[in-house]
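Thanks for taking a look at this one with me.

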Amino acid sequence: MKTGHNGIVNDAQGRVKCVFCVVQIPKAFSCIEQHIHGSKHKETLEIMTDNGIFHNEDNTMYCKPCKTILNNDESASQHVDGDQHSNWIAAIEDLIGGEFINLDSYLCSAKYEEDIRCDLCETAFPFTLALLEKHVNSHDHRVHLAEKLKTLNGIFPVENGEEVWCKLCDVYIENKVQAILDHIDDDELHMKWFASMDDIIEDHDISLDEFLSEEHHTTAECGKCNMEIDCTTENLEDHIFSETHLNQFD
Ligand SMILES: [Zn+2]
Ligand SMILES: [Zn+2]
Ligand SMILES: [Zn+2]
Ligand SMILES: [Zn+2]
Ligand SMILES: [Zn+2]
């Protein structure tokens, strides 16, 4: 696979073609320039990097996830809309949703084989659906996931070590990976807290990071006003409708 190619080739008949978009272009230099800088071509490039599609030296196009060479008359965007590719994407999204596994570096690296990384476990493994599934369900990964989610969910250790404490719900939870994940994913009160908070702070540049990750931190931070606000739904609601907040310019 080769990067840096702009997709423009002369075919055997001497016609100019963009092999990324699969379109013919009039031979004039200005037409070629226009195509390369046009929105269709840019969109195609984006589709390629987002989906692991590369240009081979022999001017064929290769899809890394599908491990297949695209048909001659198939553009990158047609390929990603096809069944094989979209099923692959759907299966992957199912597997890695909420797991902190990032596919971007796998998809945009111009190598045929590329390990996939789990940042939570600081490990890498060859990328197949089976290995990915195995990793996501492994005990190590579940433990690391629970650790990570605790800091995003206001859950803190308790001295006795047998329980953890949820600051949002003010309840104690058994200090077991599954119990913690269940609380985060299924507890009604817990999910309601996030749902109503998200409703209020959405698009308001208000950060709950420190409130959620530090046990004794009681405030949220408004990045727009550069101030701390007591982290309750009532206070935050008051804040986003306050003169101070409304009069800040982005
Ligand atoms: Zn193009
Ligand atoms: Zn594909
Ligand atoms: Zn992992
Ligand atoms: Zn909770
Ligand atoms: Zn504000």
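**Notes on the predicted model**

1. Let me start with the charged surface: helix α2 (residues 39-51) is the biggest contributor to the negative patch, supplying three residues. The patch itself is a surface gathering of E43, E46, D50 and D104. Patch members have over 30% relative accessible area and no salt bridge, and like charges are joined within 9 Å. Asp and Glu count as negative, Lys and Arg as positive, while His and the chain ends are not counted. The place of a charge is taken as CG of Asp, CD of Glu, NZ of Lys or CZ of Arg. Areas come from the Shrake-Rupley method with a 1.4 Å probe, and for residues only the protein chains shown count as cover.

2. A word on conventions, since this is a predicted model: local features need pLDDT of at least 70 and side-chain atom pairs count only at pLDDT 80 or more, whereas totals for chains, interfaces and linings use all residues. Residues are numbered from 1 along each chain as its sequence is written, chains are lettered from A and ligands numbered from 1 in the order in which they are written, and side-chain values use heavy atoms, with hydrogens and water left out.

3. Helices here are DSSP runs of H or I with at least four residues, strands are runs of E with at least two, and both are numbered from the N terminus. E46 counts as exposed because its relative accessible area is 53%; the classes are buried under 20%, exposed over 50% and partly exposed in between, with a 1.4 Å probe and protein chains only.

4. Is H35 buried or exposed? Its relative accessibility is 12%, so H35 is buried. H35 belongs to helix α1 (residues 29-37). Setting aside residues up to four places away in sequence, H35 touches I8, C18, C21, V23, I25 and H41, where contact means heavy atoms within 4.5 Å.

5. V22 is not a glycine, yet has a positive phi of about 55°. V22 is in the loop between β2 (16-18) and β3 (23-25), and with a relative accessible area of 23% it is partly exposed. K67, also not a glycine, has a positive phi of about 50°. K67 falls in the loop between β5 (61-63) and β6 (68-69) and is partly exposed at 48% relative accessibility.

6. How many salt bridges does the structure hold? There are five, each requiring a side-chain nitrogen of Lys or Arg within 4 Å of a carboxyl oxygen of Asp or Glu. Side chains of opposite charge can pair when their charged atoms come close. One of the bridges joins D11 and R15, at 3.2 Å from N to O. D11 is buried at 19% relative accessibility, while R15 is partly exposed with a relative accessible area of 38%.

7. Another salt bridge pairs R142 with E99, and their closest N and O atoms are 3.4 Å apart. The two partners come from distant parts of the chain, 43 residues apart: R142 is in helix α7 (residues 139-152) and E99 in the loop between α4 (83-96) and α5. At 9% relative accessibility E99 is buried, whereas R142, at 22%, is partly exposed.

8. E174 and K176 also form a salt bridge, with 2.8 Å between the closest N and O atoms. E174 is partly exposed at 43% relative accessibility, and K176 is partly exposed at 49%.

9. Next, a serine in a loop: S109 lies between α5 (104-108) and β7 (115-118). Its relative accessible area of 14% makes S109 buried. Leaving out neighbours within four places in sequence, S109 contacts F54, K64 and E114.

10. Finally, S86 is in helix α4 and is partly exposed, with a relative accessible area of 28%. Beyond residues up to four places away in sequence, S86 touches V80 and D81. S86 and G223 are 137 residues apart in sequence, and their C-alpha atoms are 38 Å apart in space.

Conventions. Patches are made of residues with over 30% relative accessible area and no salt bridge: like charges are joined within 9 Å, nonpolar side chains (Val, Leu, Ile, Met, Phe, Trp, Tyr) within 5 Å.
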